[in-house]
Amino acid sequence: MKTIKRLFLGFVLAMVFSVTVIPIIWVFFSSFKSKKELMTKPWSLPEKFLFSNYSDAWQKADFAVLTKNSVTITAFSLLLMLVFATMLAFAISRYKGNLSQVTLIYLLAGQTISAGMIIFPIVIVLRKLGFGSSHAGLILTYAAGGLPFAVFVLQGFFAGIPYELYEAGEIDGAGEFKIFANIAIPLAKPALATVLLYQFMWVWNEFVLAFTIVSRPEKRTIIAGLYSVVNGYLNTDYVTAFAGAMIVCIPIIIIYLIFQKYLIQGLIAGAVKG
């Protein structure tokens with residue numbers, strides 16, 4: 001019986017690997033090929049690694065501007081998201097009552113609504129507020145959209161902090177803000193890293209909102225801009241398009257390597273508390 005389970009688990013893992021990892025590996029090696037080699041030998045390793053494909057992709061897609069836009073939008077979105085999510089999650093976990101439960105349920109209900117269902121109302125509201133086709137409108141949308149997940153993860157972690165630590169802070173004369181800033185936040189670093197990583201990947205890779213809300217090409221994010229370029233004059237230049245796709249992945253890999261330790265701690269802590 002154990003052998004069958006292991007074989008089944010191995011089969012599932014092999015299928016997941018073939019569907020998720022192998023295409024990325026293929027795109028990575030294909031990004032170094034020439035156009036002719038990609039057409040004639042699509043599944044072989046590159047005969048010569050052409051790093052010039054990356055410089056061509058950077059210039060043709062104007063990645064300097066797109067990267068600046070994405071970094072700005074992602075940074076401010078995550079900042080707003082974490083500031084409001086930490087305060088709200090702390091309040092829900094510390095002041096338990098009907099209002100806290102209703103607030104949490106309300107936020108979780110928002111998670112069930114996809115962006116595609118409400119994209120047009122969002123665009124109309126942003127235009128009414130004067131944020132149409134602007135970075136500010138997209139930042140506010142991302143901050144609000146990521147709030148439910150961030151609050152859900154953080155309030156679960158805050159709820160696991162011993163209440164005696166809060167009481168010790170109160171005895172020492174600490175107010176609510178000092179308890180929040182000096183006790184809760186330092187202890188929640190693994191949970192904050194987990195939220196930061198997942199929300200960074202969502203904001204950085206998000207396409208529907210970025211493409212719909214921001215219509216001006218020079219203000220678009222790296223994902224929306226790459227899509228426009230690939231469907232423009234790179235629609236037959238696959239190797240340059242693949243190089244552009246790999247450039248988009250680099251920041252995610254860097255962020256993951258930086259926060260990997262905290263991410264694992266957060267997942268383990270969440271599993272133990274659950």
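**Exercise 1. Transmembrane regions**

Find which residues UniProt places in the feature "transmembrane region", and describe the spans 7-29 and 238-259 in the model.

*Solution.* Begin with the record: the unreviewed UniProt entry places the feature "transmembrane region" at residues 7-29, 71-92, 104-126, 138-158, 179-201 and 238-259. UniProt positions are given here in the numbering of this chain, feature names are shortened, and annotations may be inferred rather than shown by experiment. Residues are numbered from 1 along each chain as its sequence is written, and side-chain values use heavy atoms, with hydrogens and water left out. The model is predicted, so that local features need pLDDT of at least 70 and side-chain atom pairs count only at pLDDT 80 or more, while totals for chains, interfaces and linings use all residues.

Next, turn to the two spans. Residues 7-29 are 100% helix and 0% strand, and their end C-alpha atoms lie 30 Å apart. Residues 238-259 are likewise 100% helix and 0% strand, with end C-alpha atoms 32 Å apart.

**Exercise 2. The chain as a whole**

State how many helices and strands the chain has, and what share of its residues is buried.

*Solution.* Then consider the extent, for the C-alpha atoms fill a box of roughly 75 × 60 × 35 Å along the principal axes. Buried residues make up 38% of the 274 residues; buried means under 20% relative accessible area, exposed over 50%, and partly exposed in between (1.4 Å probe, protein chains only). Finally, among contacts (heavy atoms within 4.5 Å) with a separation of 6 or more, 73% join residues 24 or more positions apart.

**Exercise 3. Salt bridges**

Determine how many salt bridges the structure holds, and which residues are linked with Arg 94 in a network.

*Solution.* Side chains of opposite charge can pair when their charged atoms come close. The structure holds 4 salt bridges, each being a side-chain nitrogen of Lys or Arg within 4 Å of a carboxyl oxygen of Asp or Glu. One of them joins Lys 41 and Glu 47 at 2.5 Å, N to O; Lys 41 is partly exposed at 39% relative accessible area, whereas Glu 47 is exposed at 60%.

Arg 94 forms a salt bridge with Glu 176, the closest N and O atoms being 2.9 Å apart. This pair links distant parts of the chain, since Arg 94 is in helix 4 and Glu 176 in helix 9 (residues 176-187), 82 residues apart. Arg 94 is buried at 8%, while Glu 176 is partly exposed at 35%. The network of salt bridges links Arg 94, Glu 170 and Glu 176.

**Exercise 4. The largest pocket**

Give the volume of the largest pocket, and name the helix that gives the most to its lining.

*Solution.* On a 1 Å grid over the protein atoms alone, a pocket is an open set of points where a 1.4 Å probe fits, with protein on both sides within 12 Å along at least five of seven lines, and lining residues have an atom within 4 Å of a point. Grid points are joined across faces, edges and corners, and a volume is the space filled by probe spheres set on the points. The largest pocket has a volume of about 710 Å³. Of its 23 lining residues, the closest to its centre are Gly 110, Ile 118, Thr 141, Ala 144 and Gly 145. Helix 7 gives the most to this lining, with 7 residues.

Note on methods: Helix = DSSP H or I, 4+ residues; strand = E, 2+ residues; numbered from the N terminus.
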